[in-house]
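Let's take a walk through this protein together, starting with charged side chains and ending with a pair of strands. Keep the 3D view open and turn it as you read.

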Amino acid sequence: MRRETGDWGDAACDGDGGRRAMTMVGGGAGVGDAGTGERLCACACLSGGSRPEIAADCRCSSAQKPRPLSRREVAATMAAASDVVTIRLPSPSEDDPLRHDKKRILESRKLSCLFPLPLSSSAADACKLLDQMIHAARVAHMDELELYFAGDDDYGQFSTRNELESLNLLVKIINTLLVTANDGAKGVLQVLEDEIVVRLRSVGLTDNDQMVLQTQNHDTEDSLLKWGEHHGVKSKLQIAFFEGAGRGMVASENIGVGDIALEIPESLIISEELLCQSDMFLALKDLNSITTETMLLLWSMRERHTPSSKFKMFFETLPSNFNTGLSFGIDALAALEGTLLFDELMQARQHLHQQYDVLCPVLCTKFPEIFKQGIFTWDNFLWACELWYSNSMMVVLSSGKLTTCLIPVAGLMNHSVTPHILNYGRVDQATKSLNFPLSRPCEAGSQCFLSYGKHSGSHLITFYGFLPREDNPYDVIPLDLDTSIDEEDGTAQSVSTSLTTHMVRGTWLSRSKGPPTYGLPQPLLSHLRAALNCDHNESIPEADIKENDRMVLETLIFIFTPMLEGLGEPDDYNRESASWDVALALSYKDLKRRIISSIVASCTSGLAMLDS
């Protein structure tokens, strides 16, 4: 959303795709959010820090995604029995740090990775087996957040992203089986594939209700598409403008699961390979304190003002102001008072100023022909930072190298928690192009959404300048809990649980509202019960269990009520007349207030249940 104000994507990529804001940190300016659970940073590319962590945008990270099946394994599965097709899901990867947790869940729910499907199965029986496959696939794709918030009896959906990944895994497995299946097997496999497509269509059905198309001149954007087509871009998408979101892209035809919506030739990717051909690289390559990402940022500052640039059309269609959180004015920052996002933005801005002061004046003096003072100003530096934070993507090029890039045309797509495009970020070796395939269908005239990654609201504000319109499962509030017990009598001890980091999110996302969790995460409750010496076990009388639960819920109210009070009452500010940054800051504060209010309300409701 707010594409004109910095909505780009995530560069998360396990080699198969993803966009992420060029990770920011450095100088001790950690940019995290008490309401996010993510740590941002203030510009590794500027501070000489390490390359940003490759978190998974397209798929689960390489460590977490299930091991794919080989064709030999598929053939062996097909040949196992003439009257049965055994559908084999990949088991959790040996390199997956969550492997043991996933195996434990699969075993506790009696779920296997092997599913024998009799060829004589009715459609109803095949769909029942499909439900079991989906349950197992959901577990295989769970990330740390989903593992934390999933209840013992929660079979999913865990998140829209998890659901799309799970269903797409099954589509690929069944499509592979169909290639070698005999006529008897094809019928029942086709039933499964058709049902999966139906379920994929049901994901994100409210997309069109969330953004209203606007009639607006987009000749400039159309010129970018024509420029791209001239250089080999292939697209099934068209430019559109949306109320409250700016630019976006809609499908020009019906696009199915696995179809390529957008294809960008590698020659149009702005990467370090392009940088290495410039005189700027020759001037900077021997400077130990500067990273490749920083060089690319500086290159883009100059290229934007180079009339003969091959990418002139791309730079001309970029907004003059990205309007991310890094550009918040005084009034917007004042509106954020009481949130950690306020401190994080202040630290990030200070860090960027320090980086500019250290970098640009020296370069302008040392290499005046390359770094002209009129171009390498603070305003242009901030613009370039926001460009790369909001638009950069980690891409595996045809050379096999993973590098930070800018991708013209693709930046026009908006983000959604229920995206159409998840898997991207690796140049196809055969076509030498970067493809954007669909993970769920998109009908002609509907907006086609891209995933920017598993990002919290504060991250999206800081680097992209918007908040998702949908409920965002990644908006969490991490908790630092004092686990000491009875310090006054000197018997302080540390309470250890299987998870040392705890968090909460809006309880409206929980499917369990009553005891024993009351809509709250089980690991947090277990931790507090242990800390308060009131853990559950079968030998404790029901009356004592209720009293123990009362202590835990009262403790949580004690923790969160001051947080809620610190945010103040909702402002009566006229949002429609407010500047973009003030309106966004107020919306973020409303979100934090809503999350914390839901925690207090769930605890209060739980206490009422215990009294009834």
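How many salt bridges are there here? The count comes to 19, where a salt bridge is a side-chain nitrogen of Lys or Arg within 4 Å of a carboxyl oxygen of Asp or Glu. The idea behind the rule is simple: side chains of opposite charge can pair when their charged atoms come close. Bear in mind that you're looking at a predicted model, where local features need pLDDT of at least 70 and side-chain atom pairs count only at pLDDT 80 or more, while totals for chains, interfaces and linings use all residues. Residues are numbered from 1 along each chain as its sequence is written, and side-chain values use heavy atoms, with hydrogens and water left out.

Start with lysine 102 and aspartate 96, whose side chains form a salt bridge at 2.7 Å, N to O.

Now find arginine 511, which meets aspartate 154 in a salt bridge of 2.5 Å, N to O. This pair ties together distant parts of the chain, 357 residues apart: arginine 511 is in the loop between strand 15 (502-505) and helix 18 (522-531), and aspartate 154 is in the loop between helix 5 (144-149) and helix 6 (160-180). Helices (H or I, at least four residues) and strands (E, at least two) are DSSP runs, numbered from the N terminus. Arginine 511 is exposed, with a relative accessible area of 53%, whereas aspartate 154 is buried at 16%.

Next up are lysine 312 and glutamate 316, with a salt bridge of 2.4 Å, N to O. They sit four residues apart in helix 13 (residues 312-316), so about one helical turn separates them. Lysine 312 counts as partly exposed, at 35% relative accessibility, and glutamate 316 does too, at 44%.

Let's finish with the strands. Strand 7 (residues 237-242) is mostly covered, with five of its six residues buried. Which strand does strand 7 pair with? Its partner is strand 8 (residues 246-251), in the antiparallel sense over six bridges; for two strands to pair, DSSP must find at least two bridges between them. Look across from alanine 240 and you'll see glycine 248 in strand 8. Together, strand 7 and strand 8 make a hairpin with three residues between them, and glycine 244 in the turn has a positive phi of about 80°.

Methods
Buried < 20%, exposed > 50% of the residue type's maximum accessible area, 1.4 Å probe, protein only.
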